[in-house]
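This report looks at how the parts of a two-chain model meet, first between chains and then within one of them. Please consult the sequence and the coordinates alongside the text.

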Amino acid sequence: MGGRVSGIEISHVTKAYGATPVLDGVTLSIADNEFVAFLGPSGCGKTTLLRLIAGLEEVDAGEIHINGRRVDQLAPGARGVAMVFQNYALYPHMTVADNLAFGLKNVGVGKAEIETRIAEAARILEIGDYLHRKPGELSGGQKQRVAIGRAIVKKPDLFLFDEPLSNLDAALRMRTRLELAQLRRRLKATMILVTHDQVEAMTLADRIVVMKDRKIQQVGTPMEIYTRPANVFVAGFVGSPPMNILKVELDTAGPVAMAKLAGGVFKTGVVSAGLPASSDWRIGLRPENVHIAGSGDGLAATVEFVERLGERTLVYTKLADGTAVTAEDAGTSKVKMGDPVGLRMDAEAAHLFDGEGVGYHAPEVEG
Amino acid sequence: MTASSLKSRGSWTNALFVAPYLFVYLCLLIYPLIAGMGLSLFKADLFGGGTFVGFENFARLFRDEVFLQSVANTFYFVALTVPPLTVLPLFLALLLNRTTRVAAFFRGVFFSSSVLSVTIVTLVWRMILMSEGGLASNITALFGAEAIAFLSDPKIVMISMAIITVWWCLGLPMMLYLSALQQVPKDIYEAAELDNASWWRTLWSITLPSVSRTIILVAIFECVLQFQLFGQPQLITQGGPNGASRPIVLFIFEIGFRRWDVGYAAAASQILFAIILIATLVQYFVTTRRSRSEALAQPKVRGNA
């Protein structure tokens with residue numbers, strides 16, 4: 001092999017449990033020092049992919065390389081990875097210090113070096129006060145820090161986080177998320193985070209890998225995923241509340257596509273030239289691009305439910321044909337359940353999805 | 001009704017929930033225990049009455065060579081059986097703690113001996129170990145060797161009893177260990193794999209500490225059980241040859257139900273009770289000493305931190 005190749009290369013990885021396929025030819029490159037989040041609903045294969053990288057499962061086909069070294073046939077301990085488990089997986093009968101030292105002792109790291117590394121991890125994670133306690137005497141947040149500490153002391157090529165925040169309460173989750181982001185900046189290591197929480201993925205990751213049904217749906221930066229979803233699944237999965245998806249008739253005669261809805265014709269920002277011939281078009285609009293107007297203005301709808309979030313109000317409406325559309329209004333909105341309203345759309349911000357679900361977007365604005 | 005009267009009524013009515021158990025416990029356990037203690041102070045037979053003799057029965061026991069031999073036999077038997085019954089089932093459980101059909105089959109095989117009654121167990125082993133026509137002697141004969149006197153050599157007979165007992169009693173501790181092993185979270189083993197722990201290191205540092213409570217439980221449980229050895233020698237050797245396989249319970253049985261000297265038998269029972277109690281307590285304190293000393297050290301460390 002030539003020069004050192006940095007980063008993680010996953011090529012054509014396939015995995016099945018008996019007759020049930022879990023991953024289907026997954027290919028992905030992760031750059032050195034990149035923080036990547038695997039995001040997807042339960043059963044999409046994201047945790048399996050993480051476990052395959054860790055070596056806790058064996059690949060059926062395909063290869064995994066870490067920094068140019070093929071690892072998919074190596075034992076987990078020989079891969080140079082450290083993992084933070086969802087349930088922490090701390091050794092319950094060992095003290096915090098012993099938990100941190102265990103992996104280092106197993107590979108023959110000297111006592112002085114072990115102590116230095118533990119002291120360093122304890123300083124970074126502020127766990128110095130309970131190095132002599134056992135996991136049973138720690139709170140969930142403290143256990144989480146110890147679990148991260150156990151990964152840090154090993155100085156691995158790659159950190160793997162398996163839903164590390166899912167067992168924490170809302171307040172602690174937010175704080176730990178911030179700490180994880182700070183830790184990431186400090187450690188400058190390659191990290192993979194598995195999560196089903198899009199906020200975690202959006203806030204922590206450099207790139208997000210959205211997965212569904214054993215396959216990667218899209219790989220991109222958080223803003224790419226949000227603003228240019230590759231398909232209708234990504235559009236619906238990322239963003240809360242989810243994007244409104246409405247059936248439309250498309251007129252592609254002009255330079256940009258015109259969407260025909262019951263309430264009129266809307267000019268989208270999507271260039272007609274690149275669009276395929278399809279009879280089954282859908283338009284996607286995020287709730288922040290659908291506004292409440294007076295009755296008779298725009299698309300006629302009836303308010304089904306109102307969610308007041310303080311700074312903004314989410315208005316769940318239904319069109320005459322029964323299609324649900326979520327709109328956003330000001331925090332001081334006066335709309336009530338049952339009100340007839342008009343929906344005004346920023347059609348320029350709309351996304352179009354063809355019959356296969358593939359997404360088309362307005363050209364990116366330079367600068 | 002005031003709150004305090006409600007509270008006081010509540011406290012005694014709550015006791016009704018445990019009353020049926022308490023009644024049976026008092027009648028069948030505590031009463032016989034105390035009655036037995038009382039009886040040990042009398043020279044009495046099965047037909048009632050009896051003369052108060054104080055601690056004479058106990059004094060007699062300590063002069064009785066047959067009794068002293070039975071005490072020695074019992075300790076020897078416990079020493080022969082408890083260590084293998086604590087360690088062997090653990091290794092079996094470690095080998096069979098997997099989801100394969102073969103493991104399930106062997107779990108069944110090793111547990112099957114436990115469901116047999118002592119009568120059947122002794123019958124089977126008699127056919128294996130008897131000097132004339134037994135399976136073991138037939139095998140040694142095949143090699144032209146002399147038959148080993150498993151049941152008639154005073155030096156070997158207790159070892160034979162121990163082998164029979166270990167074979168018979170392996171199943172239950174194995175099941176206890178299996179259930180303990182299955183409660184160890186799988187992700188701890190995965191963390192150990194990522195921590196480069198070898199098979200041996202995982203066993204020593206992860207598995208054994210995780211099942212240490214069960215190891216203590218099995219050791220104490222087997223200790224209590226094996227001090228009460230009775231059926232095997234009673235049915236195979238009747239305590240012979242020359243008293244070499246007579247344990248304390250068989251001695252009590254012979255004195256109480258063959259010689260009708262129930263006061264004397266009751267005194268021997270009290271001594272067996274005391275021996276089991278002391279042995280269990282010693283074992284408990286020795287095996288838990290480490291964890292207790294760690295627990296005591298804990299606040300000190302925390303105070304320094």
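How many salt bridges does the rule find across the interface of chain B and chain A? The rule finds two salt bridges there, in what is a predicted model.

## The interface of chain B and chain A

In this interface, 21 residues of chain B are in contact with 28 residues of chain A. The area buried between chain B and chain A is about 2100 Å², and carbon and sulfur atoms give 56% of that area. On the side of chain B, the residues that lose the most area to chain A are L194(B), D195(B) and N196(B), which together account for 31% of what that side buries.

## Elements on the side of chain B

The elements that give two or more residues to the side of chain B that touches chain A are α10 (186-194), α11 (199-210) and α15 (262-304) of chain B. Of the residues on that side, eight come from α10(B), and this is the largest share.

By residue class, the side of chain B that touches chain A divides into nine nonpolar, four polar and eight charged residues.

## Annotated regions of chain B

An unreviewed UniProt entry lists residues 71-283 of chain B for "domain: ABC transmembrane type-1". In the model, the chain over residues 71-283 of chain B is 74% helix and 0% strand, and the C-alpha atoms at the ends of that span are 19 Å apart.

The UniProt annotation "transmembrane region", also from an unreviewed entry, covers residues 12-34, 75-96, 108-128, 156-178, 199-221 and 264-286 of chain B. Over one of these spans, residues 108-128 of chain B, the chain is 76% helix and 0% strand, with its end C-alpha atoms 22 Å apart. Over residues 156-178 of chain B, the chain is 91% helix and 0% strand, and the end C-alpha atoms are 33 Å apart.

## The two domains of chain A

Chain A is divided into domain 1, residues 8-235, and domain 2, residues 242-360. Taken over C-alpha atoms, the centres of domain 1 of chain A and domain 2 of chain A are separated by 38 Å, and the contact between them takes eight residues from domain 1 and 10 residues from domain 2.

Domain 1 of chain A and domain 2 of chain A bury about 690 Å² between them, with 54% of that area on carbon and sulfur atoms. Within the area that domain 1 of chain A buries against domain 2 of chain A, Y226(A), V232(A) and A235(A) supply 67%, more than any other three residues.

## Composition of the domain contact

What is the count of salt bridges between domain 1 of chain A and domain 2 of chain A? The count is zero, although four residue pairs, with both residues at pLDDT 80 or more, are in polar contact between these domains.

On the side of domain 1 of chain A that touches domain 2 of chain A, the elements that give two or more residues are α7 (222-227) and α8 (232-237) of chain A. The helix α7(A) gives the most to that side, with three residues. The residues of this side divide into six nonpolar, two polar and no charged.

Terms used:
Residues are numbered from 1 along each chain as its sequence is written. Chains are lettered from A and ligands numbered from 1 in the order in which they are written. This is a predicted model: local features need pLDDT of at least 70, side-chain atom pairs count only at pLDDT 80 or more; totals for chains, interfaces and linings use all residues. Side-chain values use heavy atoms; hydrogens and water are left out. Domain bounds come from an automatic or database domain assignment. Contact means heavy atoms within 4.5 Å. Buried area is the accessible area (1.4 Å probe) that two parts lose on being put together, summed over both. A salt bridge is a side-chain nitrogen of Lys or Arg within 4 Å of a carboxyl oxygen of Asp or Glu. A polar contact is a pair of N or O atoms within 3.5 Å; within protein, one must be able to donate a hydrogen and the other to accept it, and residues adjacent in sequence count only if both atoms are side-chain atoms. Helices (H or I, at least four residues) and strands (E, at least two) are DSSP runs, numbered from the N terminus. Ala, Val, Leu, Ile, Met, Phe, Trp, Tyr, Cys and Pro count as nonpolar, Asp, Glu, Lys and Arg as charged, and the others, Gly among them, as polar. UniProt positions are given in the numbering used here, feature names are shortened, and annotations may be inferred rather than shown by experiment.
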